[in-house]
Amino acid sequence: MRRYLVAGNWKMNGSRQANAALVEKTVAGLARCSDVEVLVCPPAVYLESVGQAVRGTPVRLGAQNLSDRDAPGAFTGEVHGAMLREMQCEYVIVGHSERRALYGETDEVVARKFRAAQSLGLTPILCVGETLAQREANETEAVLERQLEAVVQLCEVAALARAVVAYEPVWAIGTGRTATPQQAQEAHAFLRAQVASRDARIAAALRVLYGGSVNSGNAAALFAGPDVDGGLIGGASLKADEFLSICAAAQAQVTR
Ligand code: PGA
């Protein structure tokens, strides 16, 4: 059975009250998606309250970012992975394109964050993806290879057995312009083949999520791709009904 994962990336949105209402509705509506792993990633300051709301439910908790430092200490404004574990986080997003583009995270920083996450038992969701200019210049595969390779170099391919990869074309994030199911499938197959060239078993089990303007209308077609194992959902995860429909689209693939 395919192990789909649908993750909501709430980004820097909501308030304590709004996020409490969102998680409550999300948890309440999930009963029909029992074969899909569902994850919510609220802003760091709401991890504790959202974590309390998902405790004892099938919904998992993830963070959007973590420090690349090995040990806690004098790093003003940073959040260490051990702190995320204490909040009951199981997953953490690393290398989201917004972090790369707006906060200067290089491939090396992302790889260190990936390693830091795993060293604390958090499952990293490694985001990779090309910009529009890179796609138009036919550089998509080179970019994906470079971003993945930085992690493999630092952590070895075996580390991918305890990780999730998210293909998020930058031009599709928050733009309403989704990759076609074929574009997504091609990129996912490429990423899996990159891993398979080192370890076929790890590649076969690796979950590769698609992210970029996924909504209830396009999720089914995207998730039908043989190498698409779920989604990383931004804007649409802020509306519980919409997010639940996307989870249901993944569930429909499992029970098809
Ligand atoms: P989006 O964001 O669904 O709003 O395009 C996806 C993401 O950034 O993870």
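Author: A crossing of two helices is right-handed if the near helix is turned clockwise from the far one by less than a right angle, and left-handed if anticlockwise. The model discussed here is predicted.

Reader: What is the hand of the crossing of H5 and H7?

Author: H5 and H7 cross with a right-handed sense. The axes of H5 (residues 107–119) and H7 come within 9 Å, at an angle of roughly 50°.

Reader: Which residues of H5 and H7 meet?

Author: From H5 come Asp107, Ala111, Arg112, Phe114 and Arg115, and they meet Arg146, Gln147, Ala150, Val151, Leu154 and Cys155 in H7. By class, the residues of this contact of H5 with H7 are six nonpolar, one polar and four charged.

Reader: At what angle do H7 and H8 cross?

Author: Helix H7 (residues 140–155) and helix H8 (residues 181–196) cross at roughly 45°, and their axes come within 10 Å. H7 and H8 are therefore oblique to each other. The crossing of H7 and H8 is right-handed. On the H7 side the contact is made by Glu141, Leu144, Glu145 and Leu148, and on the H8 side by Ala187, Phe190, Leu191, Gln194 and Val195. The residues of the contact of H7 with H8 divide into six nonpolar, one polar and two charged.

Reader: Which residues of H7 are buried?

Author: Buried means under 20% relative accessible area. In H7 the buried residues are Thr140, Val143, Leu144, Gln147, Leu148, Ala150, Val151, Val152 and Cys155. Their cover includes helix H4 (97–102), H5, E5, helix H6 (132–136), E6 and H8.

Reader: Is glutamate 141 buried or partly exposed?

Author: Glutamate 141, which is in helix H7, counts as partly exposed because its relative accessibility is 47%.

Reader: What packs against the buried residues of H8?

Author: The buried residues of H8 are Ala184, Gln185, Ala187, His188, Phe190, Leu191, Arg192, Gln194 and Val195. They pack against strand E5 (123–128), H7, strand E6 (164–167), helix H9 (200–205), strand E7 (207–211) and helix H10 (219–223).

Reader: How do H1 and H2 compare with the cut-off for roughly parallel axes?

Author: The axes of H1 and helix H2 (residues 47–54) come within 10 Å and cross at roughly 25°. That angle makes H1 roughly parallel to H2. The H1 and H2 crossing is right-handed. Arg16, Asn19, Val23 and Val27 of H1 make the contact with Ser49, Val50, Ala53 and Val54 of H2. By class, this contact of H1 with H2 has five nonpolar, two polar and one charged residues.

Reader: Which residues does alanine 240 touch beyond its sequence neighbours?

Author: Contact here means heavy atoms within 4.5 Å. With its neighbours within four places in sequence left aside, alanine 240 is in contact with Leu22, Lys25 and Thr26. Alanine 240 lies in helix H11 (residues 240–255) and is buried, with a relative accessible area of 8%. Alanine 240 and glycine 29 are 211 residues apart along the chain, and their C-alpha atoms are separated by 8.1 Å.

Reader: What is phi at lysine 11?

Author: Lysine 11 is not a glycine, yet its phi is positive, about 50°. Its place is the loop between strand E1 (5–9) and helix H1 (16–29). At 19% relative accessibility, lysine 11 counts as buried. Serine 213, also a residue other than glycine, has a positive phi near 60°. Serine 213 is in the loop between E7 and H10 and is buried, at a relative accessible area of 18%.

Reader: What follows H7?

Author: Glutamate 156 follows H7, and its phi is positive, near 75°.

Key: Residues are numbered from 1 along each chain as its sequence is written. This is a predicted model: local features need pLDDT of at least 70, side-chain atom pairs count only at pLDDT 80 or more; totals for chains, interfaces and linings use all residues. Side-chain values use heavy atoms; hydrogens and water are left out. Axes are lines fitted to C-alpha atoms, for helices over the stretch in contact, and angles run from 0 to 180 degrees between N-to-C directions. Helices (H or I, at least four residues) and strands (E, at least two) are DSSP runs, numbered from the N terminus. Angles under 35 degrees count as roughly parallel, over 145 as roughly antiparallel, 65 to 115 as roughly perpendicular and the rest as oblique. Ala, Val, Leu, Ile, Met, Phe, Trp, Tyr, Cys and Pro count as nonpolar, Asp, Glu, Lys and Arg as charged, and the others, Gly among them, as polar. Buried means under 20% relative accessible area, exposed over 50%, partly exposed in between (1.4 Å probe, protein chains only).
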